[in-house]
Amino acid sequence: MKVLVVDDDVVSRMVLMHLIDSCGSFDIVEAEDGADAWQQLEDGLRPAICFCDLRMPRLSGIELLQRVKAHAELNSMPFVLVTSANDKDTVQEATKAGAAGYIVKPFQAEQVRVHLVDFLDQAASGYEHLAEAPADTLRRLGINAERLLVYLSGFQNQLTAAATDLETALAKGDQQDARTRIERLHAGCVTLGLHGAAAELKSFAPDRLSNEEVQAVLADVVRAVIHQAGLVRQDGV
């Protein structure tokens, strides 16, 4: 199964390729920038998923995404943006344009694995998505689909930051801070109608939290957010 990695920074590209390779057996194809990637796609490359840097010369990640979504044979390919932490506004713009999600530099293996599991091997992961129908969420919150996608994108960004913050808190032995942060994430899941994710965040034992368990649950919550955003785009509600 082919995975396309697009990044003009060779070190970032190698790190990302290594993390993808560590997640399973994939045929990784690299492109040195957006223009190189587009040429390969025009020449017939059909990857299962694309990880693409946001800011590149010649053809940016946003511009490549727009071309992919306008192409009849490519528009269903999941397109994951690679960004820096200060690109939130652009990420929201890309989400509206059809990006499947994003990962933030410096990369963490779990961020990458979430996208590969969700799009390439969801059945094998044992993950089950339980959530409110997007149309019901829109009616309950009194918003439109575009606003819901913004909320989901923002929540995914919050989860990415929380993974690091929780790891730090647990390393320091600050169990109360970790539980407070998890409670806030639980409230976000409830607000967005992510029932299965909310239940997972409530499933921790009352004794000590372990970072391994917390990170695994956060990965499922991120997966739920990505899946729900896909349903919103698919339904066009």
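This is a predicted model: local features need pLDDT of at least 70, side-chain atom pairs count only at pLDDT 80 or more; totals for chains, interfaces and linings use all residues.
User: With which residues is Asp 53 in contact, leaving aside its neighbours within four places in sequence?

Analyst: With those neighbours left aside, Asp 53 is in contact with Val 6, Asp 7, Asp 8, Gly 61, Val 82 and Lys 105. Contact here requires heavy atoms within 4.5 Å. Asp 53 is also linked with Asp 7 and Lys 105 in a network of salt bridges.

User: Which residues does Ser 12 contact, and what makes Ser 12 buried or exposed?

Analyst: Ser 12 lies in helix α1. Beyond its neighbours within four places in sequence, Ser 12 is in contact with Asp 7, Lys 105 and Phe 107. The relative accessibility of Ser 12 is 16%; since the limit for buried is under 20%, Ser 12 counts as buried.

User: What makes the pair Arg 58 and Asp 33 a salt bridge?

Analyst: The closest N and O atoms of Arg 58 and Asp 33 are 2.9 Å apart. The rule asks for a side-chain nitrogen of Lys or Arg within 4 Å of a carboxyl oxygen of Asp or Glu, so the pair qualifies. It links distant parts of the chain: Arg 58 is in the loop between β3 and α3, and Asp 33 is in the loop between β2 (27-31) and α2 (34-42), 25 residues apart. By the same rule the count comes to 12 salt bridges.

User: How do you know whether Arg 58 and Asp 33 are buried or exposed?

Analyst: Arg 58 has 61% relative accessibility, and exposed means over 50%; Arg 58 therefore counts as exposed. Asp 33 has 7%, and under 20% means buried, so Asp 33 counts as buried.

User: Where is Gly 196, and how is its separation from Glu 132 described?

Analyst: Gly 196 is in helix α10, residues 195-201, and is buried, with a relative accessible area of 16%. The C-alpha atoms of Gly 196 and Glu 132 are separated by 9.5 Å, although these residues are 64 residues apart along the chain.

User: Where do Asp 177 and Arg 181 lie, and what makes them a salt bridge?

Analyst: Both lie in helix α9 (residues 175-191), 4 residues apart, about one turn of the helix. An α-helix has 3.6 residues a turn, so residues three or four places apart point the same way. The side chains of Asp 177 and Arg 181 meet at 3.1 Å, N to O, and the limit is within 4 Å, so the pair is called a salt bridge. Asp 177 counts as partly exposed at 25% relative accessibility, and Arg 181 is partly exposed with a relative accessible area of 25%.

User: How do you know on which side of α3 its buried residues lie?

Analyst: The buried residues of helix α3 (residues 61-69) are Gly 61, Ile 62, Leu 64, Leu 65 and Val 68. They cover an arc of only 160 degrees around the axis, which puts them on the same side of α3.

User: What are the buried residues of α2, and what covers them?

Analyst: In α2, Gly 34, Ala 37, Trp 38 and Leu 41 are buried. Their arc around the axis is only 95 degrees, which puts them on the same side of α2. What covers them includes β1 (2-6), β2 and α3.

User: Which residues form the nonpolar patch, and how is Val 15 classed?

Analyst: Val 10, Val 11, Met 14 and Val 15 form this surface patch, with about 340 Å² of accessible area together. Val 15, found in helix α1 (residues 10-23), has a relative accessible area of 38% and is partly exposed.

Key. Residues are numbered from 1 along each chain as its sequence is written. Side-chain values use heavy atoms; hydrogens and water are left out. Buried means under 20% relative accessible area, exposed over 50%, partly exposed in between (1.4 Å probe, protein chains only). Helices (H or I, at least four residues) and strands (E, at least two) are DSSP runs, numbered from the N terminus. The arc is that of the directions from the helix axis to the C-beta atoms. Patches are made of residues with over 30% relative accessible area and no salt bridge: like charges are joined within 9 Å, nonpolar side chains (Val, Leu, Ile, Met, Phe, Trp, Tyr) within 5 Å. Accessible areas come from the Shrake-Rupley method with a 1.4 Å probe; for residues, only the protein chains shown count as cover.
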